[in-house]
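Please look through the model shown below, and follow the report alongside it.

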There are 2 protein chains.
Amino acid sequence: MTDKDARTPVSTQNPTETSEATEAGKSIGWHKAYVEGSRPDLRVPVRQVHLTNGESVTLYDTSGPYTDPLVDTDVRRGLAPVRENWIVTRGDTEEYAGRPVRPEDDGIKHTSPRGGLRNLDAVFPGRPRQPRRGREGRAVTQLAYARRGEITPEMEFVAIRENVSPEVVREEIAAGRAVLPANVNHPETEPMIIGKRFLVKVNANIGNSAVTSSIEEEVEKMTWATRWGADTVMDLSTGRNIHTTREWVLRNSPVPIGTVPLYQALEKVDGKAEELTWEIYKDTVVEQAEQGVDYMTVHAGVRLAYVPLTANRKTGTVSRGGSIMAAWCLAHHKESFLYENFEELCEILAAYDVTYSLGDGLRPGSIADANDEAQFAELRTLGELNRIAKSFDVQTMIEGPGHVPMHKIKENIDLQQEICEEAPFYTLGPLTTDVAPAYDHITSGIGAAMIAWWGTAMLCYVTPKEHLGLPNRDDVKTGVITYKIAAHAADLAKGHPGAQEWDDALSDARFEFRWEDQFNLALDPDTARAFHDETLPAEPAKTAHFCSMCGPKFCSMKISQDIRREHGGSRSEVEEGMAQKSREFAAAGNRVYLPIAD
Amino acid sequence: MTDKDARTPVSTQNPTETSEATEAGKSIGWHKAYVEGSRPDLRVPVRQVHLTNGESVTLYDTSGPYTDPLVDTDVRRGLAPVRENWIVTRGDTEEYAGRPVRPEDDGIKHTSPRGGLRNLDAVFPGRPRQPRRGREGRAVTQLAYARRGEITPEMEFVAIRENVSPEVVREEIAAGRAVLPANVNHPETEPMIIGKRFLVKVNANIGNSAVTSSIEEEVEKMTWATRWGADTVMDLSTGRNIHTTREWVLRNSPVPIGTVPLYQALEKVDGKAEELTWEIYKDTVVEQAEQGVDYMTVHAGVRLAYVPLTANRKTGTVSRGGSIMAAWCLAHHKESFLYENFEELCEILAAYDVTYSLGDGLRPGSIADANDEAQFAELRTLGELNRIAKSFDVQTMIEGPGHVPMHKIKENIDLQQEICEEAPFYTLGPLTTDVAPAYDHITSGIGAAMIAWWGTAMLCYVTPKEHLGLPNRDDVKTGVITYKIAAHAADLAKGHPGAQEWDDALSDARFEFRWEDQFNLALDPDTARAFHDETLPAEPAKTAHFCSMCGPKFCSMKISQDIRREHGGSRSEVEEGMAQKSREFAAAGNRVYLPIAD
């Protein structure tokens, strides 16, 4: 296997094609294919784009079985547990009865006059699995395996996805420079890796709201986000039915799912932060770990002593988890129960291979508050917690801001890498200005591209609705596409091997007026095609050597092509033949393009 | 006058307010005001945003008289010539008969069976002015004045706009580090300055198309672009009626207008590049200079010897002007007539104070071609031409790319600044990846923000339709807003004095749940308000202490505010009183927010 980007043509790997899939796909310019690994149950999905010149380009694919016409998906049955056999045959986990699901898990009190507990068995008839955990509290994490020198099927899977050797994957995980979030209770995931050595990843947040979305809509949001390229999805649901929503999302998700357990814990105490306890929180973490949550945001860095550091801030504490923990610390005038019980939490996460996403509860919420004492005090604590987590073999990434002007961005990644021993950085943007509500996907896409170039491993998307309301379907798509742009721009700038071949394929198509290929290679083929057709809808325009932007007379690419055709293709040919060609060109009428009829 | 950004409150300058304007404006949260300079005819427009807490914020305003309810604008009459008196009293120009307007100026041949010459006198009855030019070929440029130590009213005007001293403006122009594009035949402009010492500027391109837009639509596109913040507008019209279109645009434009005279010259030879001559080109430049074009893109750096350097490129020559000149050079196997006659061209431009925008005809059109030999060979020639232009007292800026991956951006601005002796850089993006047609405002907004941070003075916008078709009204707005974000993010990163006060005002409004203030301070108040109202349309929601994004229970800003209220406002208060407040807080019920009714 070559050390090349998965976005480059991987023709040497002979993706498996079924004739049916091929036929289905070719009509729309691409189809789903699989690259087989060292065992028949290790099949890495790719998106194969068929060009009109007979070539094909293979792209990384996050969309799961939903884009495979041979797979019959059913949201009430869930996806096939592709990793189950790998987990079982490792022999280090055991099934057990698990924690009973209680009404309050769904935000329903026994005394509530409204509705009863949803029966999960009815929702998922024949629910296939009891929860699983490490035998005798063993760490069953990819980090533990990597440190022991083992290359798991999960590692081989991501190696194929990233076109690197499995040993590179193992080394990066063992060193704590990358995480492979893969809860043993989420066997439906197609493994992916987060680390600066690999392609930059994008997370999309989804989450219900009492008023505006249903469980089915949340599952649909998840599949919609992954269709456009989300590498992980965080379920930030609050309010009613969060247990059931999460169950549906997990059973249907081909990508790792992250959560913030504190949100659910707070629901269990009726939103009274001071009534939160370590026991309630721990019980919630176990509940979610048994369901299969792959990574959890834990705001254990918000220590009592740091709360006063936010007092003179322009926008205080803008992290929901951070503000909840700050309120708890102040109410009790006590050290955070998350910080105090961090080692016990590590033991739990290690038993399920839940990855830490150490939350930046004190991240800045405005340009004015960027890189301040509160933010960096917490970062130093995250560095301390990162070392503890690693000592328990728990995979760990670190969350980052937020709102940061461009000239202060690099300090964030440099400090984080130093303090957290190169653990993967996972940032929200950052937004580079506060003055453009309704365009914060763009204010933050700028910062995201830059911080990813400098080493951030995963970017949490921001939608146009940030600061204003709950994103709808279009907002989710716009957020994901914007962040895929930032991530790929960073892959290019990092010189990720082969990243540029995607750009080259599209630029070749552009120069050669292969419009259909341009559309099919685009991050968003639908919108690219629609924009082109707005002014030139006719079918012949799809092969025309111009577009409505400049028209046929002023198309520089056409003129440029004509020059090349007239004067030979390579530089030496041009130089040698230029004087002679000049005469021929004049003799041929000297027309470098066809003027419009006049 | 303090050395502060014009976006900061300029209350010490006492903007003139008319009660009518104030009344008209206050109902929508802002109004147009003027800051008066050292003479009564020097009135600098500003946008005054009225906050609900009684404060106001003053923002830079590019929208011209159209947003002043006291001014009665009429597209057929044109704007008032606010600079005319300044130009006349300098006494160094003279009116003259001017070049007669010919049918072919509008792309109409005498033999054409279709239509006749439009009668400009009918379009602009009582057309007020004969053209004006420097007496006896004198250089009547802001550069010439600045070098002589004169501070013109134009310089004072921009000093007020930028909140710097007039002497700083004069120095920057004299040193060639800034340009103030102001053709003596475009007295309608409100002066603005382009240079790295000042706020980053944004240009919007407009241009007709035979099929899809009319003259009225082009004027409307211009006023639409300046309403959202475009600092200059380039009229890239081709085809029919370009002379008349330009006349309408100029007479109605409060911002400098740029053109590419080569496009019109090519129309005059029926699109046959090889039939272009210096005489036809020169005549076109005079035609446009007499109309009042403020800056002209001249592709004089595309030399014969550089054309072969593009032969092995992925996307050849993507500049329209560049490809036309390359075709001409090859057809004749001769050096470019623009390069050969550059000194004569300087004499013409100096007589009208037309600013050079030295075009980068060999800019890269794909990631693969960035920073190559062809591009930098041309840049070195632009450096040579810049020195020549300065020797004729012609103001000069330098155009830059294009398509450049993030890690190659800085080299562009650094080399340009070195080779061109810090002349203002004016770049198109750059686009940081090729894979997202339909989102190239974003792929390029990322590059634009970065290159502006590093010193680029003006950014040419890119719309979502780039590479696909002609932008419509929505695309123009999206392009301008995206580029205003990039420009302001750069102003912040450069530490432009006071730039952050705009962000601070908006963040304060956000933290204090002053929703109307957030909308009115936003780059695009309409969209921000619409997005908020989509999920929470009711009027009470405009003062609610949450939005639908997190809902009332999970609003971190609300929790944060409650903490601050409970525990005192400043850090020392928090520290001193924390233990005691903790008890009080508990006694008060410990509720940090109101849970939703349950």
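Trp30(A) stands opposite Val49(A) in E2(A), within a pairing in which seven bridges join strand E1 (residues 30-36) to strand E2 (residues 43-50) of chain A in the antiparallel sense. Two strands are said to pair if DSSP finds at least two bridges between them, and the elements themselves are DSSP runs numbered from the N terminus, with helices (H or I) of at least four residues and strands (E) of at least two. A hairpin of six residues connects E1(A) to E2(A). Strand E1 of chain A is mostly covered, with six of its seven residues buried, where buried means under 20% relative accessible area, exposed over 50%, and partly exposed in between (1.4 Å probe, protein chains only).

This is a predicted model, in which local features need pLDDT of at least 70 and side-chain atom pairs count only at pLDDT 80 or more, whereas totals for chains, interfaces and linings use all residues. Residues are numbered from 1 along each chain as its sequence is written, chains are lettered from A and ligands numbered from 1 in the order in which they are written, and side-chain values use heavy atoms, with hydrogens and water left out.

## Two histidines from the UniProt record

An unreviewed UniProt entry lists His403(A) and His467(A) under "binding site"; such positions are given in the numbering used here, with feature names shortened, and the annotations may be inferred rather than shown by experiment. The two residues span 65 residues in sequence, yet no two of their C-alpha atoms are more than 12.3 Å apart, so they gather at one spot. The side chains of His467(A) and His403(A) make a polar contact at 3.5 Å, a term that denotes a pair of N or O atoms within 3.5 Å, of which, within protein, one must be able to donate a hydrogen and the other to accept it, while residues adjacent in sequence count only if both atoms are side-chain atoms.

His403(A) lies in the loop between strand E13 (396-400) and helix H15 (409-419) of chain A, and counts as buried at 5% relative accessibility. A polar atom of its side chain lies 3.4 Å from the backbone oxygen of Gly365(A). Apart from neighbours within four places in sequence, the residues in contact with His403(A) include Pro364(A), Asp434(A), His467(A) and, from chain B, Arg510(B), contact meaning heavy atoms within 4.5 Å. His467(A), for its part, is placed in the loop between strand E15 (458-460) and helix H17 (473-493) of chain A, and is buried with a relative accessible area of 14%.

## Helix H11 of chain A

Helix H11 (residues 320-332) of chain A has 13 residues and reaches 19 Å from its first C-alpha to its last, close to the 18 Å expected at 1.5 Å a residue, the expected span being 1.5 Å times one less than the number of residues. H11(A) is mostly covered, since 12 of its 13 residues are buried, among them Arg320(A), Met325(A) and Trp328(A).

At the N-terminal end, Ser319(A) caps H11(A), with a side-chain oxygen 3.4 Å from the backbone nitrogen of Gly321(A). H11(A) is followed by His333(A), whose phi is positive, near 45 degrees.

In chain B, eight strands with parallel pairing form a closed barrel that runs E8-E9-E10-E11-E12-E13-E14-E15. Strand E11 (residues 295-298) and strand E12 (residues 355-358) of chain B pair in the parallel sense over four bridges, and Met296(B) stands opposite Tyr356(B) in E12(B).

Asn252(B), in the loop between helix H8 (242-251) and strand E10 (257-259) of chain B, counts as buried at 1% relative accessibility, and its side chain reaches the backbone oxygen of Val75(B) at 3.0 Å. Thr432(B), in the loop between strand E14 (425-428) and helix H16 (440-453) of chain B, counts as buried at 0% relative accessibility. A polar atom of the Thr432(B) side chain lies 2.9 Å from the backbone oxygen of Thr443(B). Not counting residues up to four places away in sequence, Thr432(B) touches residues that include Ala489(A) and Leu492(A) of chain A, together with Val404(B) and Ile446(B) of chain B.
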